[in-house]
Amino acid sequence: MNAMEFPWLTAIIILPLVAALAIPLIPDKEGKTVRWYGLGVAFVDFALMIYTFWYRYDFQNSTLQLIENYPWVPQLGLHWSVGVDGLSMPLVLLTGLINTLAIFAAWKVTNKPRLFFGLMLAMYSAQLGVFVAQDLLLFFLMWEIELVPVYLLISIWGGQNRRYAATKFILYTAAASIFILVAGFAMAFSGDTVTFDMATLGMKEYPKALELLVYTGFLIAFGVKLPIFPLHTWLPDAHGEASAPGSMILAGVLLKMGGYALIRINVEMLPNAHVYFAPVLAILGVVNIVYGACCAFAQTNLKRRLAYSSIAHMGFVLIGIASYTELGISGAVLQMVSHGLIAASLFFLSGVTYDRTHTLMMDKMGGIAKVMPKTFALFTAGSMASLALPGMSGFVGELMVFLGIATSDVYSSSFKLVVVLLSAVGVILTPIYLLSMLRQVFYGNQNQELHLDAVVSDVQPRELFITACLLLPIIGIGFYPKLATQTYDVKAVEVAAHARQVLPVVAHQQPSSLYSRIFTAPTLASSQVESLVNISK
């Protein structure tokens, strides 16, 4: 077998899972060998991703690459079908980086280390499977496998209310997964052929009512994971109780699965229904931004404040997806990558702070910058990135989304003005609650009841390395966005063009005045509609 025939993606997906199954065979009593083993496997897999994409992936090709398709369970029509393109490749790399650093962040785990690192590797494998699956049944299977390790990681290694948070997480996400299965079967059995191949499903023509129902089902399922208001309430509880490595993966990878799936399935495979739902996504995005920012103010728990901040930042992803522009969709993808890095760094540093102070309540902290100056500097850098300071990746992602929706010719001027202005309110609120967080935790007089460890008070070399690995790409993308955007630019153009090509047909079938009354978002002018309908014919 030569290098071109080697199943690179399968190897990348399977390696962590096979390694996890081998952990019980490792002779180790104290967990030291297991943690080195887990870190080694994660690093090797991440290095394999970099090698594969550097030498085997064409950045200028928008189509699926490294395709592998093997019959798995023919009786169920299940195929091991995987592939990557500009939409999935950067998220695969993000998954590799965040999981590797999360395992390194879990260096001090002594409670059931075999189980902990086994679950981390199994979850790593399932997350990769979600981003590369090209069979809808395989996508659902990977989506479900990923839930179990997250539930156990929260319920066993979480905080005081860990079982409540873990149960809430599994109830929300498992119930939402039912919508993926039902909607997937509806698509598969529609028409003359039964298939779960996502490319084939995307080419099928569905009855309007069915497509709208299927889109709704997927929106609910992916909206829970993103999360979208009002399906978000599991996230603050999960973050508040999860350990630092668990929160890094929750914010850095799991939320991105929802945004990725919305583009991959809802926009690419159901473009006709997307015409009707795009204004709704834009409105929900605005609600996420304003609601998340306002709720963040009310939180005295450090990690819950960061959790609501994540909800607000995911609103920009929704607006970018709804924009119908290359710039907006590109901004949505960049926002996912950027937020993954930023949120992972902030949640890791919140874990570092908790290890020293043994509390997450900001009103019980104060003045710890004097004894933890390095932690303070790193936390400030992460917060500046989160509030979209120019020169940081957060600024570039949000700016692209703003410009994408503002320059869209799909929506009316009044609709765009409302979306931009209300989103800007969230942008103004973000620095206020983040700077307030820094002030409460690091400034002022130190709480006399707070007993810091006098020996190990500031960040250690391992912790500094983990944070630097996250902050360096944040700053690099901020100063030179092409580091990230060149990996998916051609795909963003294709997704925008694919979504826009159905606009004239839907507008011709349904007068735009209906949408202008409900959403104040007409599709295209009548002259444009007629000319484009003729072209499409």
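How many helices and strands are there in the protein chain? In this predicted model, the protein chain holds 22 helices and two strands.

**View 1. The protein chain as a whole.** The C-alpha trace of the protein chain spans about 75 × 55 × 40 Å along its principal axes. A compact globule of 537 residues would have a radius of gyration near 24 Å, and the 23 Å of the protein chain agrees with this. Of the 537 residues, 60% count as buried, while the accessible surface comes to about 20900 Å², with 67% of that surface belonging to carbon and sulfur atoms. Among contacts between residues at least 6 apart in sequence, 80% join residues that are at least 24 apart.

View 2. Leu9 is found in helix H1, which covers residues 8-21. Because its relative accessibility is 3%, under the 20% limit, Leu9 counts as buried. Leaving aside residues up to four places away in sequence, Leu9 touches Phe53, Gln65, Leu66, Glu68, Val82, Gly83 and Val84. The C-alpha atom of Leu9 is also separated by 8.0 Å from that of Val132, although these two residues are 123 residues apart along the chain.

View 3. Leu181, Phe185, Phe189 and Val194 make a nonpolar surface patch of about 350 Å². One of these residues, Phe189, lies in the loop that runs between helix H6 (162-188) and helix H7 (198-203).

Methods:
Residues are numbered from 1 along each chain as its sequence is written. This is a predicted model: local features need pLDDT of at least 70, side-chain atom pairs count only at pLDDT 80 or more; totals for chains, interfaces and linings use all residues. Side-chain values use heavy atoms; hydrogens and water are left out. Patches are made of residues with over 30% relative accessible area and no salt bridge: like charges are joined within 9 Å, nonpolar side chains (Val, Leu, Ile, Met, Phe, Trp, Tyr) within 5 Å. Accessible areas come from the Shrake-Rupley method with a 1.4 Å probe; for residues, only the protein chains shown count as cover. A salt bridge is a side-chain nitrogen of Lys or Arg within 4 Å of a carboxyl oxygen of Asp or Glu. Helices (H or I, at least four residues) and strands (E, at least two) are DSSP runs, numbered from the N terminus. The radius of gyration is taken over C-alpha atoms; the globule rule is 2.2 Å times the number of residues to the power 0.38. Buried means under 20% relative accessible area, exposed over 50%, partly exposed in between (1.4 Å probe, protein chains only). Contact means heavy atoms within 4.5 Å.
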